[in-house]
Amino acid sequence: MNTPTAHYLPLTETTLFILLSLTPQPRHGYAIMKAVIELSAGRINLTAGTLYGALKRLLEQNWIEPMDEQDRVADNPGLPRKAYRLTGLGRVILNAEITRLDSVVKVARLHWTEEQI
Amino acid sequence: MTRIAIFCHSSYVALIRLYPAKFRHRFGAELLEVFTAKLTEAGPLGTSAVIRVWLHELAELPGNLFTEYQLAFVKSYGKGEFQMSNTLRSRLFFLGVGLPLGLVVTLAFINPNWFRVLFSNNLGWLISVSFGLMLALNVLLLIPRGNPILIGWRPALVVACAFLAALFVIFGPAFLTVIKRFPSEGTPLQSFLTIGLILIDLGCVGAGVFLVARSPGKNSNVLP
């Protein structure tokens, strides 16, 4: 965990799900909200205020970026509202977090089995 | 949209105004768009679903506002840009300082015994005068010279500042008395509230010291 991205980790669950929601395609705010509900199996239901607070911080850290009008029309003509997409840095951070979570789960599985419940 | 949905929508438009100006200008339209989409989706599920959407947003609003104001404050101080440049900020500032002081005055009137050693405690006087001066400095630091919005308010703010400083001088010894007697005298609630208010006021003074330390170059421009 001595990579340059290590000091950004661990991500909050909300941040992780927002980044994950943008992995397959750029999305606008409401679509991100719906995707986060789906990815978290209904556990995380973001309000508009919470969502845009998180998006603002992700934009400031350059983990996501807004799509400009031309890109939006070219990538997805049916996307009427302001959409956001992952940047290269965002993908690196997301990958680092998934690797971290994976190693945590591996250790946990090694020391804990269902029979111990 | 039903009447309830229209009410929720209109009230949310008003609530968006509570966010810091920069955040509001950048994301206000999108916030409203997402909220409207949620309301529209909840509409066919009935009035209770619409109200749930609104209450959910309302419940998280204070936390979101706190976070955004905190970040805006820290960011602008880091850049040395912060100024009381609009009336909302000045209202919030006076709410933060004036409200605790108003509560202190009220509590002091509830329990007059706290004034028993008023004017008899030198340490109390010293601390109170220091508090008053620091608070005065804190207020003056936030008033930029020649600010077009606040220029007419400047004399009033200086008077208010002097008034607050005087309050500290008058009530400071009473604070000390309460601390000395805590928790043996007074109800636990009174003691708890008073100690809490003292801590808030100390926080105001601490913020003043922090500001002076962080922006030495700016002081010479904004202090009268």
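## A loop residue with positive phi

N62(A) sits in the loop between α3 and β2 (64–66) of chain A, in what is a predicted model. Although N62(A) is not a glycine, its phi is positive, at about 65°, and with a relative accessible area of 42% the residue is partly exposed.

A41(A) belongs to the loop between α2 and α3 of chain A, and its relative accessible area of 70% makes it exposed. Another backbone feature of chain A is the cis peptide bond that joins L9(A) and P10(A), with omega at about -5°; P10(A) falls in the segment before α1 of that chain.

## Chain B

Chain B contains eight helices and zero strands, and its elements therefore read α-α-α-α-α-α-α-α when followed from the N terminus. Of its 224 residues, 41% count as buried. Among the contacts in chain B with a separation of 6 or more, 72% come from residues 24 or more positions apart.

## The interface between the chains

Where chain A meets chain B, 19 residues of chain A are in contact with 21 residues of chain B. The size of an interface is often given as the accessible area lost when the parts come together; here the area buried between the two chains is about 1800 Å², and carbon and sulfur atoms give 56% of it. Between chain A and chain B there are also 13 residue pairs in polar contact, counting those with both residues at pLDDT 80 or more.

On the side of chain A that touches chain B, the elements giving two or more residues are α2 (29–39) and α3 (48–60) of chain A, and α3(A) gives the most, with nine residues. By residue type, this side of chain A divides into seven nonpolar, six polar and six charged residues.

T47(A), in the loop between α2 and α3 of chain A, is buried, with a relative accessible area of 0%. Leaving aside neighbours within four places in sequence, T47(A) is in contact with M33(A) and, from chain B, with K38(B), H56(B), E57(B), E60(B) and N64(B).

## Charged pairs across and within the chains

Side chains of opposite charge can pair when their charged atoms come close.

E68(B), found in helix α3 (residues 47–78) of chain B, forms a salt bridge with K56(A), the closest N and O atoms being 2.9 Å apart. K56(A) lies in helix α3 of chain A and E68(B) in helix α3 of chain B, so this pair joins two chains. E68(B) also forms a salt bridge with R57(A), with the closest N and O atoms 3.1 Å apart, and a network of salt bridges links K56(A), R57(A), E60(A) and E68(B). Both K56(A), at 12% relative accessible area, and E68(B), at 3%, count as buried because the limit for that class is under 20%. Not counting residues up to four places away in sequence, E68(B) touches G53(A), K56(A) and R57(A) of chain A, together with Y19(B), P20(B) and F23(B) of chain B.

A salt bridge within chain A is formed by the side chains of D102(A) and K106(A), at 3.6 Å, N to O. These two residues are separated by about one helical turn, because they are four residues apart in helix α5 of chain A. D102(A) is partly exposed at 39% relative accessibility, whereas K106(A), with a relative accessible area of 55%, is exposed.

## The largest nonpolar core

The largest nonpolar core holds 47 residues, of which I18(A), Y52(A) and I64(A) touch the most other members. The elements that each supply at least two residues of this core come from both chains: α1 (13–21), α2, α3, β3 (83–86) and α5 (88–111) of chain A, together with α1 (3–16), α2 (21–42) and α3 of chain B. With eight residues, α2(B) gives the most to this core.

The surroundings of I64(A) can be given in more detail. Not counting residues up to four places away in sequence, I64(A) touches L19(A), L22(A), L55(A), L58(A), L59(A), Y84(A), R85(A), L86(A) and T87(A).

Terms used
Residues are numbered from 1 along each chain as its sequence is written. Chains are lettered from A and ligands numbered from 1 in the order in which they are written. Side-chain values use heavy atoms; hydrogens and water are left out. Contact means heavy atoms within 4.5 Å. Buried area is the accessible area (1.4 Å probe) that two parts lose on being put together, summed over both. A salt bridge is a side-chain nitrogen of Lys or Arg within 4 Å of a carboxyl oxygen of Asp or Glu. A polar contact is a pair of N or O atoms within 3.5 Å; within protein, one must be able to donate a hydrogen and the other to accept it, and residues adjacent in sequence count only if both atoms are side-chain atoms. Ala, Val, Leu, Ile, Met, Phe, Trp, Tyr, Cys and Pro count as nonpolar, Asp, Glu, Lys and Arg as charged, and the others, Gly among them, as polar. Buried means under 20% relative accessible area, exposed over 50%, partly exposed in between (1.4 Å probe, protein chains only). A nonpolar core is a set of buried Ala, Val, Leu, Ile, Met, Phe, Trp, Tyr and Cys residues joined through side-chain atoms within 4.5 Å.
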